[in-house]
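Here is a short note to read alongside the structure. Keep the view open and follow the points in turn.

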Amino acid sequence: MTLSGKAKIAGVMGWPISHSRSPLLHGYWLKEYEIDGAYLPLPVAPQNIEAALRALPKLGIAGTNLTVPYKEAALTICDRVDEAARRIGAVNTVVVENDGTLSGSNTDAFGFLENLKSESCWKPKDGSAVILGAGGAARAVVAALIDDGVQDIQIVNRTIERAENIANEFANGCTAVRWDQVDDVLKDAALLVNTTTLGMAGQPDLEITLKALPTWATVNDIVYVPLRTTLLRNAAKRGNPTVDGLGMLLHQARPGFSAWFGKQPQVTTGLRDFILANLKT
Ligand code: ATR
């Protein structure tokens, strides 16, 4: 749509930025809701990230998403960060306030939970959750599950120290588990979430046997390229309900869009199909 002089502008900063799907996603919503606005990929070199964020209010830009490698640096650059960003240790959404200050937040936990709840019958009281991985994505998932009332979270990671760090920080029923002990925790799980990079296109497969997992447990892979990972295919074969990772990407974008453009966007099958068609090319 043609922009007027009043168009609202937002974008995503990263380095590199060409891989980002956010411009496609926000572009779809801007068109769908006929909003006078634009969402731009912003390639910002590492030495410029602070100046680039500080320039947002000077340019009248409404805010920005942040992707690799800026999510951690933004914690100290923003004038304030919300509780979620602080706990997760990363900012993925920056809103320019009316007074020109920068508010940082993290919407990954929100996106994870919205996707899980809209795509499955899983409930926090169903039992324990087993999380594979202990990186930034695992932190968002653990924060989301704790806030939603899950009382027993088993964090399984190849490097046990990273799982221990998360378990100690978040406390509240979190336990660190060695990778070779995954079977012991799977047998009591109501939810299994893969947050590792295993199974992602170009990465090794996630080799894990699901034998011990109850067949009613929900299996969620946050990987979305490919959409149906080996983990999800194996889980579905034995009857487990499965949730793919695309919805988390779509839902995490909603709070930023609504803050910058003034409209609560919906995650629809039309949006999913549009992004999926573009993931393949
Ligand atoms: P993100 O911030 O996106 O979660 P990350 O911090 O790089 O990414 O974390 C990647 C996760 O995938 C980690 O849990 C990592 O395990 P380690 O902490 O032991 O590195 C996990 N991972 C990556 N490759 C792996 C492999 N070959 N085997 C087991 N786990 C792997």
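Predicted model: local features only at pLDDT ≥ 70, side-chain atom pairs only at ≥ 80, totals over all residues.

1. Strand E10 covers residues 189-194, and strand E11 covers residues 218-221. The two pair in the parallel sense, over 4 bridges.

2. Trace the strands in the order E9-E8-E7-E10-E11-E12. These 6 strands make an open sheet, and the pairing is parallel.

3. **Another sheet.** Now look at the order E2-E1-E3-E5-E6-E4. This is an open sheet of 6 strands too, but its pairing is mixed. Its edge strands are E2 (37-43) and E4 (80-81), and each of them pairs on one side only.

4. Which strand does E4 pair with in the parallel sense? The partner is strand E6, residues 102-105, and the pairing runs over 2 bridges. Here Val 81 stands opposite Gly 104 in E6.

5. The space taken by the ligand is the largest pocket. Residues around the ligand include Gly 133, Ala 134, Gly 135, Gly 136 and Ala 137. Also among them are Asn 157, Arg 158, Thr 159 and Arg 162. Thr 196, Thr 197 and Leu 198 belong to the surroundings as well. By class, this shell has 3 nonpolar, 7 polar and 2 charged residues.

6. **Contacts to check.** Start with Asn 157: an N or O atom in its side chain is 2.7 Å from an oxygen atom of the ligand. For the side chain of Arg 162, the distance from an N or O atom to a ligand oxygen is 2.8 Å. Ala 137 takes part through its backbone, where a polar atom is 3.1 Å from an oxygen atom of the ligand. How much of the ligand does the protein bury? Taken alone, the ligand exposes 640 Å², and the protein buries 69% of that.

7. **Backbone points to inspect.** Most peptide bonds are trans, and most residues other than glycine have a negative phi. Some places here depart from that pattern. The bond from Val 68 to Pro 69 is cis, with omega near 5°. Pro 69 lies in the loop between strand E3 (63-66) and helix H3 (74-77). Val 225 and Pro 226 are also joined by a cis peptide bond, with omega about 5°. Pro 226 is in the loop between E11 and helix H9 (230-237). Ala 171 is not a glycine, yet its phi is positive, about 50°. Look for Ala 171 in the loop between helix H7 (160-170) and E9.

How values were computed: Residues numbered from 1 in each chain as written. Heavy atoms only, no water. Near = heavy atom within 4 Å. Polar contact = N/O pair within 3.5 Å; in protein donor to acceptor, adjacent residues only side chain to side chain. Areas by Shrake-Rupley, 256 points an atom, 1.4 Å probe, with all protein chains shown as cover. 1 Å grid on protein atoms, 1.4 Å probe; cavity = no way out; pocket = protein on both sides within 12 Å on 5 of 7 lines; lining within 4 Å. Sits in = over half its atoms within 2 Å of the grid points. Nonpolar A, V, L, I, M, F, W, Y, C, P; charged D, E, K, R; others polar. Pairing = 2+ DSSP bridges.
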